[in-house]
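Here is a friendly walk through a protein model and its ligand. Have the viewer open and follow along.

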Amino acid sequence: MIDTDILISGGGIAGLIAASAFGAAGFSVLCVDPSAPVTTRDAEGSDLRSTAFLQPSRDFLDQAGLWRHFAPHAMPLQIMRIVDAGGIEAVARSAHDFNSSDISDLPFGWNLPNWLLRREGLARIAELDHVTFRAGVGTKSSLTRQKALAFAVSHDHPHDNISTEVHRSGGPFTLVPLPDYEGKPSSAVVWMERGPEAERLYALPQSAFEDEMRTRSADLYGPLRLISQRTIWPIISQVAHRLTGERLALVAEAAHVVPPIGAQGLNMSLADMASLLDLAKAAPDRLGEAAMLQKYERARHAEIAARVAGVDALNRASMANDQGLRDLRMKALNSFYSVKPVRQILMRAGLGARAAR
Ligand SMILES: Cc1cc2nc3c(=O)[nH]c(=O)nc-3n(C[C@H](O)[C@H](O)[C@H](O)COP(=O)(O)OP(=O)(O)OC[C@H]3O[C@@H](n4cnc5c(N)ncnc54)[C@H](O)[C@@H]3O)c2cc1C
């Protein structure tokens, strides 16, 4: 029998971060996963998504001893640019820059590839004697509906630390800055479309795919060159009815899944862990008792439900195919962007907490 304070089921990025955070706080942790982690960019099964950690997440990662592992690979995000290309032609017809300097001295966040987060998460766990990671055998699952293609590109045009979302139909096309690749500016791309269209794009030969990317990006960065495999992800909006059970707390994607818009997914997961860790530190000998779990449920459930609903609504607006709805979407964005206090409220809400000064 294994004696441990905390068992973490799932050793994805969220599981590895939770193991580091609770381990750094002195708890003994066992993290288990049925699959062995893939920790190189070009290996089969590599997670080619990237994660933009928003400001409030950085302190949590720092306390977990992870930020010093992540920082050398992190690309700061200073501006979020929203582009509407929803006219008759696929060209940019409006662009709005949300600049982090309006609300803070720091960037909005920092972007890192997911495969690298796994590698560095495991490196951090290896430093902690009382934290153990055990991998098992693989599993297989499949889902359909709207899908996201995630991959990396290089381009001639510099990204200037701007994260750009281009809205037309089917969902956003988002470019998020990465460090240069082979001497050229590089970005992580998340391209959302209805399922069959995403599958068609996924199967295209590279040069035809690159042509489609250039059109769909409204040609903002010039030609885009594919520099990684393409990966494809089901898009789900999901929230658990409850976050707790007997001696059990759900965090991360076991508790909530959102479409990849506004870098919310893993950042919400870190807020779950921070809440649970605060409660564990406040009463370390009452771990997993009903009172602690109720406090966690109260602290997180309503906030999670609201955020999932908000991201789901943004996704539906971005999917709009009808020309009238696309025009309405652009007008709505123009009108709330033009009022500075409204713009600042939206930016703060997106970060999930008060921005650091
Ligand atoms: C295209 C895309 C882009 C994204 N971009 C961002 C972003 O910029 N910012 C952001 O914050 N979020 C983003 N997200 C969301 C973020 O990527 C996810 O929230 C995060 O990677 C999920 O990590 P996880 O550890 O919760 O889950 P997973 O990575 O799915 O890991 C779950 C782990 O659990 C294991 N497992 C499965 N079943 C069992 C079992 N029965 N027992 C034990 N273990 C099990 C699996 O093997 C796996 O290792 C994005 C998502 C997508 C699809």
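The report below goes from the ligand shell to the core, and then to the strands and a helix.

This is a predicted model, so to speak of local features a pLDDT of at least 70 is needed, side-chain atom pairs count only at pLDDT 80 or more, and totals for chains, interfaces and linings use all residues. Residues are numbered from 1 along each chain as its sequence is written.

**Around the ligand**

The ligand is surrounded by 30 residues, of which Gly-10, Gly-12, Ala-14, Gly-265 and Leu-266 are the closest. Here a residue counts as near if its C-beta atom, placed from the backbone, lies within 6 Å of the molecule. Two or more shell residues come from each of helix 1, strand 2 (29–33), strand 3, strand 9 (147–154) and helix 7 (265–282). Helices (H or I, at least four residues) and strands (E, at least two) are DSSP runs, numbered from the N terminus. Helix 7 contributes the most to this shell, with 4 residues. By class, the shell holds 13 nonpolar, 14 polar and 3 charged residues; Ala, Val, Leu, Ile, Met, Phe, Trp, Tyr, Cys and Pro count as nonpolar, Asp, Glu, Lys and Arg as charged, and the others, Gly among them, as polar.

**The nonpolar core**

The largest nonpolar core has 75 residues, and Ile-17, Ala-18, Ala-19, Val-251 and Met-273 touch the most other members. Such a core is a set of buried Ala, Val, Leu, Ile, Met, Phe, Trp, Tyr and Cys residues joined through C-beta atoms within 7 Å. Helix 7 supplies the largest share of this core, 9 residues. Beyond its neighbours within four places in sequence, Val-251 is in contact (C-beta atoms, placed from the backbone, within 7 Å) with Ala-14, Ala-18, Ser-269, Asp-272, Met-273 and Leu-276.

Is Cys-31 buried or exposed? Cys-31 counts as buried because it has 26 C-beta neighbours inside 10 Å. The cut-offs are 20 or more other C-beta atoms within 10 Å for buried and 12 or fewer for exposed, with partly exposed in between; C-beta atoms are placed from the backbone. Cys-31 is part of strand 2, and its C-alpha atom is separated by 6.7 Å from that of Gly-10, 21 residues apart along the chain.

**Strand pairs**

Two strands pair if DSSP finds at least two bridges between them.

| Strands | Bridges | Example pair |
|---|---|---|
| Strand 3 and strand 7 | 5 bridges | Ser-50 and Pro-113 |
| Strand 4 and strand 7 | 3 bridges | Leu-77 and Gly-109 |
| Strand 10 and strand 11 | 3 bridges | Val-166 and Phe-173 |
| Strand 11 and strand 12 | 7 bridges | Val-176 and Ala-188 |

Both faces of strand 7 are covered, with Gly-109, Asn-111 and Pro-113 buried on one side and Trp-110 and Leu-112 on the other. The hairpin of strand 10 and strand 11 has 5 residues between the strands, and Gly-170 takes a positive phi near 85 degrees there. In the hairpin of strand 11 and strand 12, with 2 residues between the strands, Glu-182 has a positive phi near 50 degrees.

**Helix 4**

Helix 4 (residues 114–126) has 13 residues. Among its buried residues are Trp-115, Leu-116, Leu-117 and Ile-125. The buried residues of helix 4 pack against helix 1 (13–24), strand 3 (50–54), helix 3 (67–70), strand 7 (109–113) and strand 8 (131–135).

Technical notes
Expected span 1.5 Å × (residues − 1). Contact = placed C-beta atoms within 7 Å.
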